[in-house]
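Subject: Structure handover and notes

Dear colleague,

Please read them with the structure open beside you.

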Amino acid sequence: MEGDGSNSLVTIKNIERELICPACKELFTHPLILPCQHSICHKCVKELLLMLDDSFNDVGSDNSNQSSPRLRLPSPSMDKIDRISRPGWKRNSLTPRTTTFPCPGCEHDVDLGERGINGLFRNFTLETIVERYRQAARAATAIMCDLCKPPPQESTKSCMDCSASYCNECFKIYHPWGTVKAQHEYVGPTTNFRPKILMCPEHETERINMYCELCKRPVCHLCKLGGNHSNHRVTTMSSAYKTLKEKLSKDIDYLIGKESQVKSQISELNLLMKETECNGERAKEEAVTHFEKLFEILEERKSSVLKAIDASKKLRLDKFQTQMEEYQGLLENNGLVGYAQEVLKETDQSCFVQTAKQLHLRIQKATESLKSFRPAAQTSFEDYVVNTSKQTELLGELSFFSSGIDVPEINEEQSKVYNNALINWHHPEKDKADSYVLEYRKINRDEEMLSWNEIEVCGTSKVISDLESNCNYAFRVRAYKGSICSPCSRELILHTPPAPVFSFLFDEKCGYNNEHLLLNLKRDHVESRAGFNLLLAAERIQVGYYTSLDYIIGDVGITKGKHFWAFRVEPYSYLVKVGVASSDKLQEWLRTPRDTVSPRYEQDSGHDSGSEDTCFDSSQPFTLVTIGMKKFFIPKSPTSSNEPENRVLPMPTSIGVFLDYDKGKVGFYDMDHMKCLYERQVDCSHTMYPAFALMGSGGIQLEEPVTAKYLEYQETM
C-alpha cells in the first residue's frame with residue numbers, strides 16, 4: 001500500500017500542466033466547462049466578460065483616457081427637456097450584453113447564450129484532482145478541524161454532507177450513532193466539497209440524467225422535453241458513462257502499452273533538440289558573416305564618400321581664402337591699393353607708364369569684381385547627399401533564401417483603425433500556411449521605431465486593441481509552415497483617431513420625425529424619405545418655399561473630455577449636415593416653430609440672420625458642416641480663401657468628428673487618411689450631442705466599433 005501511495009503522489013505531481021488555467025496561468029479555482037469543452041476558472045470567465053462588455057459598450061473611452069471620462073446622459077427628449085443635463089442615462093433592455101469571448105485555451109469564440117455564466121457546468125472532477133494535487137504539494141500541511149475550540153486539532157475525516165472537516169472527537173459529537181447524521185458520507189481530510197448530485201444549470205431543481213450527443217454535454221429531462229435540446233439525440237447518463245469510460249480506458253491502455261515507443265520518441269526528440277541548437281548557432285554565425293561583409297562594404301563606401309566630401313570642402317575653402325585675400329588687398333594701405341599708392345609717387349614718366357599699365361588692368365579687374373560680387377565657390381553640398389532610398393528598401397526586404405512560402409500581403413482596403421485596429425491580409429497559398437505572426441509597433445513623431453509586438457494568428461485577420469490615440473502604427477505579417485517562415489509583408493501604416501472612440505446610437509425619441517426619417521432596428525443607420533410628403537403638399541405651394549431639415553441626434557451626451565466618432569454618408573445623399581450641438585440649441589431647434597416660408601431663414605445658423613457669414617468670430621453652441629452630392633463643403637472663414645474651388649472637397653468614404661469639450665474645439669476628419677479637413681471653436685457650456693440633419697434623399701451609417709463579433713461577421717461575409 002505504501003508503494004501505491006508513493007506512485008500516486010508522483011503521478012499527481014507530474015500532471016501539474018493539466019491543472020493550470022489557460023487564462024490566469026494558476027491552478028484552477030472553481031473551474032467551469034466552456035462550450036468548446038475547455039475549462040477555465042469561474043473568476044476568469046467573469047473578468048473576461050466584464051472586460052469585453054466594457055470594450056463593447058464603452059468603446060475605449062474611459063479605459064484609454066482616464067483624464068477625460070464620459071458621462072452617459074439622458075437625451076433631450078421633448079417630454080423631459082427640462083432635465084436635459086441630468087446624469088444617469090442607461091441603455092434600454094434591448095441593448096445586448098457581451099456573451100461571446102475567445103476561449104483562452106483554443107482562441108475560438110464561445111457564446112454563453114442568454115444564461116451566460118449560469119449556463120456553464122462546474123468541473124467537479126477537475127476540481128477534485130486539483131485539490132488532490134494541492135494536498136500532495138503541501139503534504140506537510142495538515143487540514144485542521146472546523147469545529148474544535150482553539151487551538152483546533154488536526155482533522156481525520158471530512159463530511160461531504162456537512163461540507164466540514166472533523167477530528168475524531170468532534171466527528172463523534174456531531175455525528176452521534178443512531179441518528180441521520182451518522183449515515184453521512186465521509187472521506188479523508190479535504191477542502192474540496194462537491195454536491196452528491198449534479199444539477200442542471202438551466203433548470204436548477206432538476207438533476208442531470210441524460211447526455212446530449214450533439215452538444216456533448218449532460219442535460220436534464222426538461223432540456224429534452226421543451227428546452228434547447230428537444231430535437232437533439234440524447235442517451236442515458238449510465239450509457240454515456242459506460243461508453244466514455246470504455247473509450248478513455250482503451251485509449252489509456254493503448255498509451256501505456258506504447259510506453260517504450262514513447263520513451264524512444266522522447267529520446268529522438270532530445271537528439272533533434274540538440275541538433276536544432278547546433279544548427280541554429282551555425283545559422284547565426286553564417287548570418288553574422290554575411291552582415292559583417294555588408295558592414296565592410298558600407299564602411300568602404302562611407303570612407304570613400306567622406307574623402308570626396310573633404311576634398312571638395314578643401315578646394316572650396318582654398319578658393320574662398322584666395323578671394324578673401326584679394327578683397328583685403330583692396331583696402332587702403334593694404335595689398336593692391338597700397339602698392340598703387342606707392343606707384344603714384346613715381347615722378348619719372350617713363351618708369352611710371354611702364355609700371356602703371358599692368359597695375360591699371362589689375363585695378364580695373366578688381367573694380368569690376370567689386371561691382372558684381374560673386375563668391376568663388378558654392379557653400380551647398382547638395383550634390384554630395386547620399387541617396388540610400390533604393391538600398392534602404394532592399395535592406396528592409398533582406399530575408400532568407402526562398403522558403404517555398406509566398407509572402408502574405410496586407411489588404412489595405414479591408415484593414416481599418418477605429419476604436420481598435422482590424423488587419424486583414426491575403427495569402428496566395430493560404431491552405432499551405434499553418435499560422436501567421438502579425439507584428440505591429442508604434443512610430444514616434446521623430447520617426448523613432450519602437451520594438452515590434454508579435455501576435456500569433458490562425459486565420460487571415462486580427463483585431464488589435466489598446467492602441468494609443470493620435471499615433472502612427474506600422475503593421476506587417478509573415479506566414480509559418482511548420483518551422484519554415486516566409487519573409488515579412490510590406491508594412492502598412494495606420495493613424496489612430498485623435499481621441500478615444502465615443503459610442504452612441506441614434507436617438508429615436510428626441511425630435512425624431514418618423515414620417516420623414518427611417519431608422520433601422522439597430523439604431524445605427526438612418527435615411528431620409530421626406531420627398532414624397534413634399535410632393536403631396538406641392539399644390540399648396542404658390543410662393544418660394546424652403547424645405548426644412550429633419551434632425552436626429554445621438555442618444556448619449558458629452559460633458560467633459562476628448563471624444564471621436566465616425567460615420568458614412570451614403571453616396572446618393574442630396575444634403576446632409578453633421579456635427580455637434582448643445583442641449584439648449586437642440587431645445588430651440590426642436591421646440592421653436594419655424595417660419596419655413598421666410599427666405600431669410602437659415603436653419604443651420606440657429607437664428608434669422610439669413611447667412612452664416614455674420615457668425616465668423618462668435619463661438620456658437622453648435623457646428624454643422626454640409627455634405628451632399630458626393631462633396632464635402634468647407635464653411636466660410638475670414639482667415640482663408642472663400643473661393644468655391646477651395647471650399648469644395650470630394651466626400652470622404654468615412655467622416656470622423658473630434659470634440660475636445662474642455663477646450664471648446666471641434667474638428668472634422670477624413671477617416672481614410674485621418675486628416676483634419678476643418679476645425680473651429682464651439683461653445684461647450686452645455687451638454688453636447690452628436691447632431692445630424694437630412695434634406696431630400698440621403699442616408700447616414702454610424703461606423704461600427706471593431707470587436708471580436710465584428711471580425712467574425714466580416715469572415716462570414
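Two strands are said to pair if DSSP finds at least two bridges between them, and strands themselves (E, at least two residues), like helices (H or I, at least four residues), are DSSP runs numbered from the N terminus. This is a predicted model, in which local features need pLDDT of at least 70 and side-chain atom pairs count only at pLDDT 80 or more, while totals for chains, interfaces and linings use all residues. Residues are numbered from 1 along each chain as its sequence is written, and side-chain values use heavy atoms, with hydrogens and water left out.

Strand E6 (residues 157–159) pairs with E7 in the antiparallel sense over three bridges, and Ser-158 has Ser-165 of E7 as its bridge partner. These strands belong to an open sheet of three strands, in the order E7-E6-E8. Strand E7 (164–166) and strand E8 (186–187) are at the edges and have a single partner strand each, so one side of each is left without a neighbour in the sheet.

Next come the nonpolar cores, a core being a set of buried Ala, Val, Leu, Ile, Met, Phe, Trp, Tyr and Cys residues joined through side-chain atoms within 4.5 Å. Here buried means under 20% relative accessible area, exposed means over 50%, and partly exposed is in between (1.4 Å probe, protein chains only). The largest core has 47 residues, and those touching the most other members include Phe-564, Trp-565 and Ile-700. Several strands each supply at least two residues of this core, among them E24 (562–569) and E33 (698–702), and the largest share, five residues, comes from E24. Domain 3 (409–496) and domain 4 (517–592 + 619–716) both contribute residues, so this core lies between them; the domain bounds come from an automatic or database domain assignment. If we leave aside neighbours within four places in sequence, Ile-700 is in contact (heavy atoms within 4.5 Å) with residues including Phe-506, Val-578 and Leu-694. A second, separate core of 21 residues includes Cys-103 and Tyr-133.

How many disulfides does the structure hold? There are zero, where a disulfide is a pair of cysteine sulfur atoms within 2.5 Å. The closest cysteine sulfur to that of Cys-36 is in Cys-103, and at 3.6 Å it is too far for a bond. Cys-200 is in no disulfide either, the nearest cysteine sulfur being that of Cys-223, 3.6 Å away. Cys-36 is partly exposed at 24% relative accessibility, whereas Cys-200 is buried at 3%.

Finally, there are the aromatic rings. Rings of Phe, Tyr and Trp (its six-membered ring) pair if their centres lie within 6.5 Å, and planes under 30 degrees apart count as stacked, over 60 as edge-to-face and the rest as tilted. By this rule the count comes to 15 aromatic pairs. Phe-291 and Phe-295 form a tilted pair, 6.4 Å centre to centre with 40° between the planes, and both lie in helix H8 (residues 259–328), four residues apart, about one turn of the helix. Phe-658 and Tyr-669 form an edge-to-face pair with 75° between the planes; Phe-658 lies in strand E29 and Tyr-669 in strand E30, so the pair ties together parts that are 11 residues apart in sequence.

With best wishes
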